[in-house]
Amino acid sequence: MPLLNLGILAHVDAGKTSLTERLLHTAGVIDEIGSVDAGSTTTDTLALERQRGITIKSAVVSFPLDGVTVNLIDTPGHPDFIAEVERVLGVLDGAVLVVSAVEGVQAQTRVLMRTLRRLRIPTLVFVNKIDRSGARDTAVLRQMAERLAVPLVPMGTAAGLGTPAARFRPGLGPAALETLAYQDDDLLAACLDGEVPKARLRRFLAARTRDACVHPVYFGSAITGAGVSELTGGIRRLLPTAAGDPDGPLSGTVFKVERGPAGEKVAYARLFSGTLRVRDRVPFGDGGKDTGTGGNAHRDTGTDREARVTEGRVTALAVFDHGTDVRADRAGAGRIVKVWGLGGIRIGDALGTPGRSYEHHFAPPTLETVVVPGPGTDRRSLHLALTQLAEQDPLIGVRHDEQRGETSVSLYGEVQKEVVQATLADEYGLDVTFRETTTLCIERPVGTGHAVEFNKKDSNPFLATVGLRVDPAPPGTGVAFRLEVELGSMPYAFFKAVEDTVRETLGQGLHGWQVTDCAVAMTHSGYSPRQSHAHQGFDKSMSSTGYDFRGLTPLVLAEALRRAGTKVYEPMHRFRLEAPADTLGALLPVLARLGAVPETAGTHGTACVLEGTVPAARVHALEQRLPGLTRGEGELETAFDHYAPVTRGTVPERPRTDHNPLNRKEYLLNVTRRVGE
């Protein structure tokens with residue numbers, strides 16, 4: 001049976017989960033439609049999701065549709081959980097973007113549509129809540145055309161707006177024909193000559209939708225069911241089914257990892273090729289790409305990095321069918337599967353032959369907070385629990401400070417912090433609070449710096465020679481490590497120790513922030529070969545070990561960074577602010593004090609629209625001030641845009657969690673005392 005892996009995406013409260021319930025009910029998978037308010041929905045299975053009425057974790061549920069098995073993935077809408085959405089995008093065949101007929105286009109709507117377009121994912125738009133008071137149709141269409149800036153094809157009109165009797169009347173009108181005609185010269189000529197045959201129009205619409213060139217728009221209500229049957233017809237006719245050769249080499253991508261009742265890892269994967277069977281030994285790994293576990297999408301591009309590949313035996317499989325997951329002996333290309341037995345599996349790993357690479361499509365988290373254990377909470381248990389949570393969300397970075405006994409996590413927002421707190425309490429029995437949230441900055445090299453320390457010379461206590469040069473690289477390129485010495489000049493394990501230590505050391509630069517967008521070249525190498533006393537075994541006091549290279553590299557790299565110099569960059573958000581024109585006099589001085597820079601200004605009816613940039617650290621303050629400055633009429637959209645040099649006040653510093661290679665005496669005191677351990 002053909003398969004279609006379908007994502008439901010939207011801004012928070014647009015009605016994604018309600019639409020999922022309606023689709024499952026229409027397909028006969030569930031007898032009663034669950035309620036978000038009552039906490040009885042099919043896909044919101046976490047206790048916290050039911051309590052708060054929001055989706056936190058993506059969920060997969062299956063239903064049949066005219067001979068096609070649809071794996072429907074309900075994703076979170078709140079911006080704090082954008083990492084969950086990110087992981088789903090790479091496994092989709094098509095998507096439905098839900099927009100509220102009352103609230104219209106919101107910040108998250110724009111972010112999602114931009115990403116769907118960039119990835120060329122075929123997408124239908126469902127304008128929900130036409131039965132609600134304040135619902136709009138033509139105004140929302142016009143707003144989508146302006147703010148989303150994509151070709152839209154209205155598949156009909158709404159009638160009875162704002163009443164329980166609101167319904168969808170299908171039919172391609174002039175606006176739809178105009179959009180389609182501009183997609184093809186022959187179709188445009190046919191439209192000008194006379195009426196285009198409906199069959200030809202339907203074929204053209206399906207082809208352009210599957211190519212992600214146009215986006216059909218349906219109106220309806222997930223609560224009353226209006227327009228849902230037309231939407232399901234569009235899903236079946238206009239979106240492509242999954243492709244892939246079940247007899248080809250195994251290739252899949254892991255997009256979710258959870259823990260089972262016994263603590264075992266369970267991986268969710270999309271299979272793009274081949275067939276996976278129980279008891280198969282399967283290679284899996286990151287293919288040399290960083291999956292972002294360090295909590296920063298700018299951490300590493302994976303350039304010149306050795307792939308992490310391991311192997312495990314599949315002990316159990318499950319596929320999705322008729323609303324639930326069922327155990328299976330095998331699963332073929334196109335399927336979404338649950339896999340047991342791969343203990344070291346991570347989100348973003350490839351199964352079998354690497355296929356589609358897992359890449360970050362959204363911004364990294366830009367906030368950080370220290371987790372404070374409450375009375376009776378064991379610090380080791382807390383660190384273990386946070387590490388497991390980070391496994392399930394690779395854009396949450398866990399950072400442990402052994403010297404201070406503190407653990408911090410990187411986050412997207414305050415709601416996510418509340419969810420972490422509740423999850424630790426409910427699932428791990430750990431009581432925690434948080435310190436004030438701070439902004440995560442990065443460091444970039446200013447120039448080129450070179451340093452070298454030679455084996456058995458000067459004050460070098462390590463049996464190793466390491467020379468490193470740091471060069472700046474273009475923004476967004478991450479970290480590249482290269483050799484300018486012959487690979488055969490010493491054992492490979494020593495080169496690997498240097499590279500791994502370089503990447504780890506760059507986690508804390510001259511000001512304590514992660515160093516990125518640089519190239520590190522190893523310019524000198526040397527070691528002491530294995531030696532032994534007469535009639536005795538190997539003497540490590542006379543021979544180099546990996547410890548020597550791991551111990552020396554931070555000192556050399558720190559000195560190279562010091563000579564290169566680094567600059568601290570803070571995250572900047574792009575904002576769009578719409579407010580009454582007569583409030584600009586009070587608004588502009590506040591924007592200036594917050595470091596916001598309006599770049600463009602325009603009008604939208606009687607309102608003024610400002611677009612520009614604002615430091616991420618000031619976004620919350622702007623959100624708090626806006627209602628009072630605009631009589632409650634101001635609308636603000638913000639999203640991460642780029643990093644910019646810190647130009648105001650003192651340069652922010654981040655406390656170090658390592659042995660501080662910037663202080664040679666302190667570093668050697670802490671490190672060399674462990675040589676004999």
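Reply: In helix α5, residues 138-147, the buried residues are Val-140, Leu-141, Gln-143, Met-144 and Arg-147. They lie on the same side of α5, because the arc they cover around the axis is only 165 degrees. That arc is taken over the directions from the helix axis to the C-beta atoms. Thr-138 and Arg-142, on the other side of α5, are exposed.

Me: What kind of model is this, and how are residues numbered?

Reply: This is a predicted model, in which local features need pLDDT of at least 70 and side-chain atom pairs count only at pLDDT 80 or more, while totals for chains, interfaces and linings use all residues. Residues are numbered from 1 along each chain as its sequence is written, and side-chain values use heavy atoms, with hydrogens and water left out.

Me: What general rule lies behind a one-sided pattern in a helix, and how are elements assigned?

Reply: An α-helix has 3.6 residues a turn, so residues three or four places apart point the same way. Helices (H or I, at least four residues) and strands (E, at least two) are DSSP runs, numbered from the N terminus. Just after α5, Ala-149 has a positive phi of about 55 degrees.

Me: How do I read two packed helices?

Reply: Two packed helices are described by the angle between their axes and the distance between the axes. Axes are lines fitted to C-alpha atoms, for helices over the stretch in contact, and angles run from 0 to 180 degrees between N-to-C directions. Helix α12 (residues 492-505) and helix α13 (residues 546-564) have axes that come within 8 Å and cross at roughly 40 degrees. The two are therefore oblique to each other; angles under 35 degrees count as roughly parallel, over 145 as roughly antiparallel, 65 to 115 as roughly perpendicular, and the rest as oblique.

Me: Which residues of α12 and α13 meet?

Reply: With contact meaning heavy atoms within 4.5 Å, the α12 residues include Phe-494, Val-498 and Val-502, and those of α13 include Phe-549, Arg-550 and Leu-557.

Me: And the sheet?

Reply: Two strands pair if DSSP finds at least two bridges between them. Here 8 strands form an open sheet, ordered β14-β13-β19-β10-β11-β18-β15-β16, with antiparallel pairing. Its edge strands, β14 (309-313) and β16 (324-328), each pair on one side only. Strands β10 and β11 are joined by 8 bridges, and Ser-251 stands opposite Ser-273 in β11.

Technical notes
Buried < 20%, exposed > 50% of the residue type's maximum accessible area, 1.4 Å probe, protein only.
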